[in-house]
Amino acid sequence: MSKDIKFSVIVPSYHEKLNIEPLTTRLFQALGPEFSKQTELIYVDDNSQDGSVEEVQKLSEKGYNVRIIVRTKERGLSSAVLHGFKNSDGQYLLCMDADLQHPPEVVPKMLDSLVEHPFALGTRYAKGVEMDKNWPIYRRIISSGARLLALPLTSASDPMSGFFGVQRKYLYEVDPNAINNINDKGFKIALELLAKLPLPKKDAIGDVPFSFGVRTEGESKLSGKVMFQYLGQLRDLYCYKFGGFHLVMGSIVLTLLFLGTVLLYLGV
Ligand SMILES: Nc1nc2c(ncn2[C@@H]2O[C@H](COP(=O)(O)OP(=O)(O)O[C@H]3O[C@H](CO)[C@@H](O)[C@H](O)[C@@H]3O)[C@@H](O)[C@H]2O)c(=O)[nH]1
Ligand SMILES: [Mg+2]
């Protein structure tokens, strides 16, 4: 463990070569010299073999504190984030996407919030925040449906966000067993952590409003499989939180809401 590193920024990445250089340079530029000295940037790539490794190597040679972990046996956004957290040095852990939908310029605010709160949440649901008008309508519907289904599980403003931070001690120290209960399937790792980590009842979450951008390079990896993984994750979380009877009721409500969302999407 490096004593100089206070903040670790973890970026799950899959086929993101074209986004690596702009994200890295914009991030360290936004951090400025003092924050930069205390920050490491870690890409967790699932063997994209698209030149991402060489791209990171170039940036590291230029002096940026950046490295890339390539996993060859595992796949998935959530598990990549957990892998990055485990293999990082900072006490303050931040997660963001590679595709610049999470503006690197907001990271200093996120880190400030994370020093003050156990959990920092980049939120798209706050006054004055607008979703990029180019974000496709079907993604908005899916996102709203997913958010609705998570309402009984957390009071967080945007549990679907992939832009969040957590203090290391809440992952591994406050309850060393908590990490073993975390579901590492799918995309919604923030929801999982919010629902299961031993966070304090009061003032646990520091919201940081941000405007969600659109991807300009590469493609989204959201697939039907990921959506079904989300429904499985919800079922487990309902069970974890409310027990057996509520699980059955929850499943019925979930199915109805899911069908409603699909029908709405299809315009039926
Ligand atoms: N290592 C790894 N990274 C992955 C994988 N799948 C996706 N990623 C990375 O995870 C990030 C988000 O993936 P996108 O494909 O861009 O997801 P999205 O559909 O735009 O979803 C995003 O927006 C949601 C909010 O609407 C977020 O909830 C979600 O976390 C993600 O940020 C990107 O950096 C992408 O490269 C994977 O299997 N392995
Ligand atoms: Mg994206």
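## A first look at the predicted model and its ligand

Among the 24 residues around ligand 1, those that come nearest are Pro-12, Ala-80, Ala-98, Gly-162 and Lys-221; a residue is near a molecule or strand if its C-beta atom, placed from the backbone, lies within 6 Å of it. This is a predicted model, in which local features need pLDDT of at least 70 and side-chain atom pairs count only at pLDDT 80 or more, while totals for chains, interfaces and linings use all residues. Residues are numbered from 1 along each chain as its sequence is written, and chains are lettered from A and ligands numbered from 1 in the order in which they are written.

**Around the ligand**

- The shell around ligand 1 has 9 nonpolar, 7 polar and 8 charged residues. Here Ala, Val, Leu, Ile, Met, Phe, Trp, Tyr, Cys and Pro count as nonpolar, Asp, Glu, Lys and Arg as charged, and the others, Gly among them, as polar.

**The sheet**

- Seven is the number to remember here: an open sheet of 7 strands runs in the order 3-2-1-4-6-5-7, with mixed pairing. Strands (E, at least two residues) and helices (H or I, at least four) are DSSP runs, numbered from the N terminus, and two strands pair if DSSP finds at least two bridges between them.
- Strand 3 (66-70) and strand 7 (205-209) are the edge strands, each pairing on one side only.
- From one strand to the next, the twist averages 20°. Angles run from 0 to 180 degrees between N-to-C directions, and axes are lines fitted to C-alpha atoms, for helices over the stretch in contact.
- Helix 1 (residues 17-37) packs on the sheet and touches strand 1, strand 2 and strand 3; its direction makes about 160° with that of strand 2. For such contacts, two residues must have their C-beta atoms, placed from the backbone, within 7 Å.
- Helix 3 also packs on the sheet, touching strand 1, strand 2, strand 3 and strand 4, and its direction makes about 150° with that of strand 1.

**Strand pairs**

- Strands of a sheet pair through backbone hydrogen bonds, either parallel or antiparallel.
- Strand 1 and strand 2 run parallel and are joined by 7 bridges; the bridge partner of Val-9 in strand 2 is Leu-41.
- Strand 4 (residues 92-95) and strand 6 (residues 164-167) run antiparallel, with 4 bridges joining them. In strand 6, Gln-167 is the bridge partner of Tyr-92, and Val-166 is that of Leu-93.
- Strand 5 (residues 119-123) pairs with strand 6 in the antiparallel sense over 3 bridges, and the partner of Ala-120 in strand 6 is Gly-165.

**Covered strands**

- In a regular strand the side chains alternate between the two faces of the sheet.
- Strand 1 is mostly covered, with 7 of its 7 residues buried. A residue is buried if 20 or more other C-beta atoms lie within 10 Å of its own, exposed if 12 or fewer, and partly exposed in between, with C-beta atoms placed from the backbone.
- Phe-7, Val-9, Val-11 and Ser-13 lie on one side of strand 1, and Ser-8, Ile-10 and Pro-12 on the other; all are buried.
- Strand 6 is covered on both faces too, with Phe-164 and Val-166 buried on one side and Gly-165 and Gln-167 on the other.

**Helix 2**

- Ser-52, Glu-55, Val-56 and Leu-59 are buried in helix 2 (residues 52-61). Seen down the axis of helix 2, the buried residues fall within an arc of 95°, so they line one face of the helix; the arc is that of the directions from the helix axis to the C-beta atoms.
- These buried residues of helix 2 pack against strand 1, helix 1, strand 2 and strand 3.
- Glu-54 and Glu-61, on the other side of helix 2, are exposed.

**Loop residues to look up**

- Tyr-14 sits in the loop between strand 1 and helix 1 and counts as buried because it has 20 C-beta neighbours inside 10 Å. Not counting residues up to four places away in sequence, Tyr-14 touches Asp-45, Asp-46, Ser-48 and Lys-221.
- His-15 lies in the loop between strand 1 and helix 1. Although not a glycine, His-15 has a positive phi of about 55°, and with 18 C-beta neighbours inside 10 Å it counts as partly exposed.
- Gln-49 is in the loop between strand 2 and helix 2. Its phi is near 50°, a positive value in a residue other than glycine, and Gln-49 counts as exposed, with 12 C-beta neighbours inside 10 Å.
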